Structures are given as C-alpha cells and as structure tokens.
Amino acid sequence: MHDIETENQKLRETLEGYTQEIAEVKNHEVTIKALKEKIEEYEETLKKQAKELGQEERREGEKEEKEGEEEGQLHNNHAEEESQQQEKQESVVSNLEEANRKAQSLQTALEATQAELLELKSKYDEESTAK
C-alpha cells in the first residue's frame, strides 16, 4: 500500500509537471498565432512594396521621357532604390521563413506534449481503476 501511495504521489507530481508544460505550450500557441499574424503582415507589406515599386518605376519612366538630360541620374537613383527595395524584400522574406520555422517547431512541440500528457493520463486512470 505504501508503494502504491508513493507511486501515486510520483504520478501526481509528474502530472503536475505536464500540466505546467501544457500551460507553456498554450502560451506557445498564442505565440504561434501572433507569428502567423506577423507573417500575414509581412506578406501584405511585400505586396504593397511591390505595388509601390511598380508605381515608382512607372513614374520614373515618365520622368525620364520628359527629362532627357537627367536620365543618367534618374537611372542611378532608380537602381539604388530598386536595390534597397530588393534588400528590404529579402529581409522580410527571411523573417517570414524564420517565423514559419518557429511556428512549425512550436506546433510539433505542442503535439508531442499533448500526446505524452494523454499517455500519462491514461496510465494514471488505469492505475486509479486498478486500485
């Protein structure tokens, strides 16, 4: 009987630990949701930047036609802006990929913890029924 009580206490402590882990995993779920929202924001930003870049290119093209003497300068400015835009886009894509990796990692950890918790709960229920 003493052994069973000791084992029961150990199982309760383990269950309490897993309950805490579940709370942490739920916090991770919130983080995943926030990261997914951030991903959507990055995607929207990329779309807006691409649209703005297209509009800028069109405007600059019109200016170049009107201002033949400033053509070289505008071309240089355009190339520089395009380079900066490309760097920004690459940065956003990199952040997006990192956020996706983190979200996937957290999702995997959540699923593993939930499976382990269910297994322990099942074992605890079996032992309680056996007693």
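The protein has a radius of gyration of 28 Å, whereas a compact globule of 131 residues would have one near 14 Å. That radius is taken over C-alpha atoms, and the globule rule is 2.2 Å times the number of residues to the power 0.38. This is a predicted model: local features need pLDDT of at least 70, side-chain atom pairs count only at pLDDT 80 or more, and totals for chains, interfaces and linings use all residues. Residues are numbered from 1 along each chain as its sequence is written, and side-chain values use heavy atoms, with hydrogens and water left out.

**Overall build**

- Helices (H or I, at least four residues) and strands (E, at least two) are DSSP runs, numbered from the N terminus.
- Helix α1 covers residues 2–66. Helix α2 covers residues 71–130.
- The C-alpha trace spans about 95 × 15 × 15 Å along its principal axes.
- Take contacts between residues at least 6 apart in sequence: 83% of them join residues at least 24 apart. Contact means heavy atoms within 4.5 Å.

**Surface and charge**

- The protein exposes about 10,100 Å². Carbon and sulfur atoms supply 46% of that area. Accessible areas come from the Shrake-Rupley method with a 1.4 Å probe; for residues, only the protein chains shown count as cover.
- Buried residues make up 19% of the 131 residues. Buried means under 20% relative accessible area, exposed means over 50%, and partly exposed lies in between (1.4 Å probe, protein chains only).
- The protein carries 19 positive and 37 negative charges. Lys and Arg count as positive, Asp and Glu as negative; His and the chain ends are not counted.
- The mean positions of the positive and negative charges are 6 Å apart. Each charge is placed at NZ of Lys, CZ of Arg, CG of Asp or CD of Glu.

**Glutamines between the helices**

- Glutamine 49 is found in helix α1. Its relative accessible area is 14%, so glutamine 49 is buried.
- Leaving aside neighbours within four places in sequence, glutamine 49 is in contact with Gln85, Lys88 and Gln89.
- Glutamine 85 sits in helix α2. Its relative accessible area is 16%, so glutamine 85 is buried too.
- With neighbours within four places again set aside, glutamine 85 is in contact with Gln49 and Leu53.

**Spacing along the chain and in space**

- Lysine 38 lies in helix α1. It counts as partly exposed because its relative accessibility is 40%.
- Lysine 38 and leucine 96 are 58 residues apart along the chain, and their C-alpha atoms are separated by 8.1 Å.
- Glutamine 49 and alanine 112 are 63 residues apart in sequence and 39 Å apart in space, C-alpha to C-alpha.
- Glutamate 52 is in helix α1 and is partly exposed at 42% relative accessibility.
- Serine 83 belongs to helix α2 and is partly exposed, with a relative accessible area of 35%. Serine 83 and lysine 10 are 73 residues apart in sequence and 61 Å apart in space, C-alpha to C-alpha.

**Salt bridges**

- Side chains of opposite charge can pair when their charged atoms come close.
- A search of the whole structure finds 2 salt bridges. A salt bridge is a side-chain nitrogen of Lys or Arg within 4 Å of a carboxyl oxygen of Asp or Glu.
- Glutamate 98 forms a salt bridge with arginine 101, and the closest N and O atoms are 2.6 Å apart. Both residues lie in helix α2, 3 residues apart, about one turn of the helix.
- Glutamate 98 is partly exposed at a relative accessible area of 34%. Arginine 101 is partly exposed at 49%.
- Lysine 121 and aspartate 125 meet in a salt bridge through their side chains (3.4 Å, N to O). They are separated by about one helical turn because they are 4 residues apart in helix α2.
- Lysine 121 counts as partly exposed at 45% relative accessibility. Aspartate 125 is partly exposed, with a relative accessible area of 34%.
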